[in-house]
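The following report describes the fold of one chain and its contact with a second chain. Please examine the sequence and the structure first.

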Amino acid sequence: MIKVEKLNSGYGKLQILFDIDLEVPRGEITTIVGPNGSGKSTFLKSLFGLTDIFSGRITYQGKDITYIPPHEKTKMGISYLPQTNNVFTNLTVRENLRIAGYILNGEELEERINFALEVFPELRGILDRKAGSLSGGQRQMLAMATALVRKTKILMLDEPTAQLSPKLAQVIFDKIVELRDNYDITPLLVEQNAKRALEISDVGYMFVSGRVAYGGSAESLLNHEKFQSYFLGVVGIEEC
Amino acid sequence: MIDVLIGAMVWSNLLVLLALGLTMTYITTGVPNFAQASFAIVGSYIALTLLRLIGLNPYLSIPVTFILGGILGLSTYYIALKPLIKRKASIEMLMIATLAWDLILFGIIGAYSEVLSAITKKTETLFVFTSLDFNIYGIPGRLIVSSLLVLLTILGLYLLLYKTKFGIALRASMENPSLAEAMGINVENTRLFSWFLSGALACMAGSVLPYLQEIVPQTGYFIVVSIFAASIVGGLYHIVGALVGGYIIGISESLFTYILSILLGPGVLVYSKVISLLMMIATVLLHPRGITGTEMWRRVERWLNL
């Protein structure tokens, strides 16, 4: 669905990512893990067009989207939800959902909002509350619901369970699986909660210092010694 | 005393219109527009021109000044700012650009006043409209018109921002432009709209200003302090801040100066802007986000369900 070839990108003159090769298959959950500063979030931003791309190629369903601006990618069905500031806190929940479908006409917009509320019924009772007054879990659900309103085909989520309790994190992971299984949405995750994220994933990548250190099935990554050394503390980082 | 109160209210109304434009462009473009006061003086001269050339009452010229002001606001963005924004200029560079644009407008206004003087065979470098004002039951027209303009502007802005799709997009773009872009909103259009409205409101205020005070090409330099003080005291990050700040600064400036002139003599009157300046400095030092950035204000908003 998305294919990245030899991607080099960063901010201004500062290069963060080096020669990234990666594939996101349709209908599967792909998760990127890695230590802090490994370039995971920058990678999602690069896919969405929010960084400076120095070289390389990004294709989406066979079409070159390397230099396409973010609002055009949105129209193509690509959504990106940043870790923070992923909803408009001064707007109500209803307004957030309406604005998410800005490019849709009135009737279609109402259909999509109803669809998003079917997937996230938790939002029905708080439609007139300002997003700034919601809990972390509610905000994350609203952010994901906005992606559904705008006919998302691939949903890029930057640490969707950050700062959530284990119970709420589980709810979010369950929703991600539901999106894949029931709504033909391809999730692409960046997660610090690496073990739990890979357990629900089909494909896994591990970034270290801006490079792909490993790529393969999520299960194989979970059992890989590099993953175990970084995340489960089997051996020290220096030894790795 | 009643005249002072009327003057304070009219000045406050005009400050609200001027500060609204300054706040909107600051929120959408991130640059304080130092040419905002000159926009108003352009409006004053447009009203004067229509009065002299076709005999149109300045109040009736308000729709024309609104549209021409909007075009001036757009021109400012397109000519002075957009080329620099494209080159990723710093905020300091953009501020200097608006300052330079202000100087250009000042030069154009000065030259234009001379040209108009030559055409009308009168001195047009200094003028007032006070003799043209009307009265209804002792209430001067400038108070009625300026209050109506504020009411219509607030009502129009409320309907636009809260009841239309474009308005919600505008609010979204003001809060988080990069997320708004991710939603498929063309953030550039919302910037253009704010610059149009900023110029339009300022020129509209400018066409009423000569009913309150003498206008000379340099008048913009005298009133710019009050406009910035209104926006900053109210809160540069909140549209309502312009409304709150406009009334606080407008009334304080007029009434404090009046009281001080009684206590210390009429010589104090020329220092009226010092009050705005002091309030602005106090706000920047004590609470840079202004009144609408305080916790108390947020409580009021929650209470009003805004």
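## Overall dimensions of chain A

Chain A has a radius of gyration of 18 Å, which agrees with the value near 18 Å that a compact globule of 240 residues would have; the radius is taken over C-alpha atoms, and the globule rule is 2.2 Å times the number of residues to the power 0.38. The model is predicted: local features need pLDDT of at least 70, side-chain atom pairs count only at pLDDT 80 or more, and totals for chains, interfaces and linings use all residues. Residues are numbered from 1 along each chain as its sequence is written, while chains are lettered from A and ligands numbered from 1 in the order in which they are written.

The C-alpha trace of chain A spans about 55 × 40 × 30 Å along its principal axes. Of its 240 residues, 44% count as buried, that is, with 20 or more other C-beta atoms, placed from the backbone, within 10 Å of their own. Two residues are in contact if their C-beta atoms, placed from the backbone, lie within 7 Å. Among the contacts in chain A with a separation of 6 or more, 65% join residues 24 or more positions apart.

## Sheet and helices

Chain A contains nine helices and 10 strands, which are DSSP runs numbered from the N terminus (helices H or I, at least four residues; strands E, at least two). Four strands of chain A form an open antiparallel sheet in the order β2-β1-β4-β5; strands pair if DSSP finds at least two bridges between them. Because β2(A) and β5(A) stand at the edges with a single partner strand each, one side of each is left without a neighbour in the sheet. Strands β1(A) and β4(A) pair over seven bridges, and A:E5 stands opposite A:R57 in β4(A). Helix α1(A) (residues 40-48) packs on this sheet, touching β1, β2 and β4 of chain A, and its direction makes about 75° with that of β2(A).

The axes of α3(A) and α5(A) come within 8 Å and cross at roughly 35°; axes are lines fitted to C-alpha atoms, for helices over the stretch in contact, and angles run from 0 to 180 degrees between N-to-C directions. The residues that make this contact are tabulated below.

| Helix | Residues | Contact residues |
|---|---|---|
| α3(A) | 93-100 | A:V93, A:N96, A:L97, A:A100 |
| α5(A) | 136-149 | A:L142, A:A145, A:T146, A:V149 |

## Contact with chain B

The contact takes 19 residues from chain A and 15 residues from chain B. On the chain B side, α6 (165-175) and α7 (177-182) are the elements that give two or more residues, and α6(B) provides the largest share, six residues.

Definitions and conventions. A residue is buried if 20 or more other C-beta atoms lie within 10 Å of its own, exposed if 12 or fewer, and partly exposed in between; C-beta atoms are placed from the backbone.
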